Amino acid sequence: MPKADLQRFVLDALHQAGGIAEPKGYGLTEVLVPQALAERLNIPSLVTLAFESEAAREEPHALLVTYGHPLVDDLIAYILERQRGFRFYAHLEPHDYEVSSERALALVEETLEFRKTRRPAIEAMSPVLCYDFSFGFRVTWQSSSRIEETLVKLVDGNGNALAAGEAAYDRVFWANHLGPHEEKLPSLPPVAFQTLWQKASVEIESLARHRAKDLVALDQGKYDTEYQRMSVYYNGTLKDLDDKIAKAPVERKEALAERRQAVLADRDRRLADLRAAYDVDHQVALDHVRMFVVPRVAVSLRLQQKTEQLPAHVLINLLTRGLDPFPCQRCGLPTVTVSWEGRWVGDCCQS
Ligand SMILES: [Zn+2]
């Protein structure tokens with residue numbers, strides 16, 4: 001995450017919490033922080049924040065805010081506690097809501113395969129507000145060098161990735177209120193925040209682990225060479241000692257054997273150090289959470305299987321103009337091929 005994002009994160013968070021910010025020239029912002037929050041964050045109620053070290057040098061009273069600064073961590077904790085983070089409301093125009101039933105049907109047929117049923121028919125369509133979340137994780141990989149990146153996961157209200165939607169969500173402008181066309185819409189609540197967070201964490205953790213392995217593999221050649229060089233050296237030393245022990249008179253043998261033990265211990269320690277120097281540790285920390293309130297068109301489908309009429313519900317995302325991930329009704333993972341087993345299940349759970 002570039003510095004500008006950190007500045008935006010901190011200022012947005014303080015704004016959300018009722019702070020009033022006033023730009024004070026290059027890299028400096030004066031903020032009037034609500035008393036309770038100022039105490040909680042352990043900062044003065046009227047504080048000048050600097051986001052550039054040059055700016056901080058100009059203004060010695062300013063608080064220089066950087067990654068890892070306790071203020072940033074405390075703000076994240078504060079936001080998560082309130083489980084609100086940043087809210088972004090998509091304000092759409094009436095024509096954005098116009099989705100024909102032909103278009104809806106085409107989307108369903110392009111995206112999903114309902115097994116052993118006739119073509120779906122549309123029973124009803126109506127707009128509804130849904131909640132999406134973007135979780136930004138700060139990931140650091142540490143070996144001989146240090147790499148830091150922010151990885152972002154955008155998920156829908158079921159916690160499933162909106163992979164194709166990221167560009168569309170960049171366009172969402174943020175406001176403090178719903179748009180005039182969104183106010184009257186019913187809303188579909190997301191699953192528990194902890195579940196969303198956990199699903200996003202699991203995916204980021206797996207990405208970070210793969211990346212760590214790649215980084216280890218990148219240096220494998222260097223490690224092998226170094227390991228080889230050390231092994232040859234110690235094997236030579238040990239062999240010399242073995243020869244000496246064989247030839248030495250009895251009274252010298254014990255001292256030489258002790259020496260050999262010391263060399264062995266030294267070798268093991270040095271090889272372990274070498275391994276540690278080439279290992280890549282990684283750490284994942286939640287950096288920010290954003291909530292997007294985005295309208296969908298809820299489409300109720302009817303599918304005929306033999307003589308049965310089966311209901312199914314899908315959501316058309318009015319920002320991405322695509323279908324939301326269809327969650328398997330047994331395990332919740334997104335799926336594209338669905339079979340009816342008393343409920344719609346994906347490949348993941350078909351018996
Ligand atoms: Zn499943």
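User: How far apart are the C-alpha centres of domain 1 and domain 2?
Analyst: They lie 52 Å apart. Keep in mind that this is a predicted model.

User: Which residues make up domain 1 and domain 2?
Analyst: The domain assignment gives 1–82 for domain 1. Domain 2 is 215–283.

User: OK, whole chain now. How many helices and strands does the protein chain have?
Analyst: Nine helices and 14 strands.

User: And is the chain spread out or a compact globule?
Analyst: Spread out. The radius of gyration is 30 Å. The globule rule gives 20 Å for 351 residues, so the chain is more spread out than a compact globule.

User: What does the C-alpha trace span along its principal axes?
Analyst: About 100 × 70 × 30 Å.

User: How much of the chain counts as buried?
Analyst: Of the 351 residues, 21%.

User: What about contacts between residues at least 6 apart in sequence: what share join residues at least 24 apart?
Analyst: In this chain, 61% of those contacts do.

User: How many residues of α8 are buried?
Analyst: Zero of the 28, so α8 lies largely in the open.

User: And α7? What span should it have?
Analyst: Helix α7 has 26 residues, 193–218. At 1.5 Å a residue they should span 38 Å. The end C-alpha atoms are 37 Å apart, which agrees.

User: Which residues in α7 are buried?
Analyst: L196, K199, A200, I204 and A208.

User: What do those buried residues pack against?
Analyst: Three strands: β7 (121–142), β8 (146–155) and β9 (281–305).

User: Strands, then. What is the strand order in the open sheet of four strands?
Analyst: The order is β1-β2-β3-β4, and the pairing is mixed.

User: Which are the edge strands?
Analyst: β1 (20–23) and β4 (63–64). Each pairs on one side only.

User: How do β1 and β2 pair?
Analyst: In the antiparallel sense, over four bridges. Strand β2 is residues 28–32.

User: What holds paired strands together, in general?
Analyst: Strands of a sheet pair through backbone hydrogen bonds. The pairing can be parallel or antiparallel.

User: Back to β2. Which residue there stands opposite A21?
Analyst: V31.

Notes:
Residues are numbered from 1 along each chain as its sequence is written. This is a predicted model: local features need pLDDT of at least 70, side-chain atom pairs count only at pLDDT 80 or more; totals for chains, interfaces and linings use all residues. Helices (H or I, at least four residues) and strands (E, at least two) are DSSP runs, numbered from the N terminus. The expected span of a helix is 1.5 Å times one less than its number of residues. A residue is buried if 20 or more other C-beta atoms lie within 10 Å of its own, exposed if 12 or fewer, and partly exposed in between; C-beta atoms are placed from the backbone. Two residues are in contact if their C-beta atoms, placed from the backbone, lie within 7 Å. Domain bounds come from an automatic or database domain assignment. The radius of gyration is taken over C-alpha atoms; the globule rule is 2.2 Å times the number of residues to the power 0.38. Two strands pair if DSSP finds at least two bridges between them.
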